[in-house]
There are 2 protein chains.
Amino acid sequence: MFIITVILSAAAMSGNMQDTDEIDRAILSILSREGRVPMKSLAGRIGLSRSTTTERVSRLERKGIIRGYRADIGQLDEGQIHAFLLLTLKRTPSIGVLDRLAGFSAVRKVSSVSGQLDLVVEVEVGSINALNELRNEVATLDNVEDLTTAIVLRRDIERS
Amino acid sequence: MFIITVILSAAAMSGNMQDTDEIDRAILSILSREGRVPMKSLAGRIGLSRSTTTERVSRLERKGIIRGYRADIGQLDEGQIHAFLLLTLKRTPSIGVLDRLAGFSAVRKVSSVSGQLDLVVEVEVGSINALNELRNEVATLDNVEDLTTAIVLRRDIERS
DNA sequence: CGCCGCAACCGGCATAATGCCGGATGCATG
DNA sequence: CATGCATCCGGCATTATGCCGGTTGCGGCG
């Protein structure tokens, strides 16, 4: 097999398409910080035309590399209580539950995990009452089989 | 101070402005899931005009309640495995365990929690083998009663 | 009690961004 | 050297945005 070297108009570097190349990473880097930036200015920053940039972004979306765009919600009213909700689902791919979870502003992070658990949900609320309400709402979501709540008493180690 | 009551054209209910009212919460709920939705369609969904909706969103941004917009990236840095180690201790508190955990460079975050669990440990390793070794080392630490490992398959939500 | 200011709302118009094409280019392949 | 393919660009009709003035309901004040 020959070495596939593509010199693109002296601007882009070599790249076999396939997955994410240098340009895609630049796009992801920008969009992960400025999710609402217009395609036109994104294009300008990475040095491609608007239509090409749009096409690349759509491809990243289709491929699932960009799963969506989220507004980054700050504290609604000074949340202090952190907790983990450990969820077991009845059926495991559950888009519905994720959508609902994303709707709670208290939800900070959701991870799909292997093992008996299915989701680790990190939440931040302003009061124990709010936590209880959230807990009840999450527990009664369709497809949620089991829910364990663990309130963070102390943050012992936090890096990076 | 008097109660500021705003009756909005028979559509919205009462609400004191000040912070976030019912409508703002609707906006946040939608934007937290669809960060790139056009203002026009956002407006349509919450039942206000485009300009009013835009003004509300800008206010949320100015107030810092919306911190920004992020593209939700799937796998960004490949090769890194994230996992939660859910620890139950024989006796709590246990300074010894925390010291030992801090000694592992793979340990990213440790939270003391209430409930049946005692510690939620977030780790980041380069391979499944590394995770297994780490798991074994942690499990055999003095004072560790039980250890559940949950590998993060996918990061579904991550804010801030 | 009428007037003013304010906050929240709406609609409209010029400008900017988007969606959707067709067409060019470079490269591997038969 | 013709064909297919991936990538890129530009242009035009459509849509969204930024910015403005105008309306409405209500508390404050003379």
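This is a predicted model: local features need pLDDT of at least 70, side-chain atom pairs count only at pLDDT 80 or more; totals for chains, interfaces and linings use all residues.
In chain A, A83(A) stands opposite V123(A), a residue of strand β4(A).

**Strands β2 and β4 of chain A**

- Strand β2 of chain A, which spans residues 81–89, is joined by seven bridges to strand β4 of chain A, residues 119–125, and the two run antiparallel.
- Because eight of the nine residues of β2(A) are buried, this strand is largely enclosed by the rest of the structure.

**Extent of the contact between the chains**

- The contact draws 56 residues from chain A and 55 residues from chain B.

**Polar and charged links across the interface, and the side of chain B**

- Six salt bridges are found by the rule across the interface of chain B and chain A, and D72(A) and R70(B) meet through their side chains in a salt bridge with an N to O distance of 2.4 Å.
- The rule also finds 24 residue pairs in polar contact across this interface, where both residues have pLDDT of 80 or more.
- On the side of chain B that touches chain A, the elements giving two or more residues are α1 (22–31), β1 (66–73), β2 (81–89), α4 (95–103), β3 (107–113), β4 (119–125) and β5 (144–158) of chain B.
- The element that gives the most to this side of chain B is β5(B), with 10 residues.
- Sorted by class, the side of chain B that touches chain A holds 27 nonpolar residues, together with 14 polar and 14 charged ones.

**Strand pairing between the chains**

- D72(A), whose side chain meets that of R70(B) in a salt bridge, has G68(B) as its bridge partner in β1(B).

**L119(B)**

- L119(B) lies in strand β4 of chain B, and it counts as buried because its relative accessibility is 5%, where the cut-off for buried is under 20%.
- Although L119(B) and L89(B) are 30 residues apart along the chain, their C-alpha atoms are separated by 8.1 Å.

How values were computed
Residues are numbered from 1 along each chain as its sequence is written. Chains are lettered from A and ligands numbered from 1 in the order in which they are written. Side-chain values use heavy atoms; hydrogens and water are left out. Buried means under 20% relative accessible area, exposed over 50%, partly exposed in between (1.4 Å probe, protein chains only). Helices (H or I, at least four residues) and strands (E, at least two) are DSSP runs, numbered from the N terminus. Two strands pair if DSSP finds at least two bridges between them. Contact means heavy atoms within 4.5 Å. A salt bridge is a side-chain nitrogen of Lys or Arg within 4 Å of a carboxyl oxygen of Asp or Glu. A polar contact is a pair of N or O atoms within 3.5 Å; within protein, one must be able to donate a hydrogen and the other to accept it, and residues adjacent in sequence count only if both atoms are side-chain atoms. Ala, Val, Leu, Ile, Met, Phe, Trp, Tyr, Cys and Pro count as nonpolar, Asp, Glu, Lys and Arg as charged, and the others, Gly among them, as polar.
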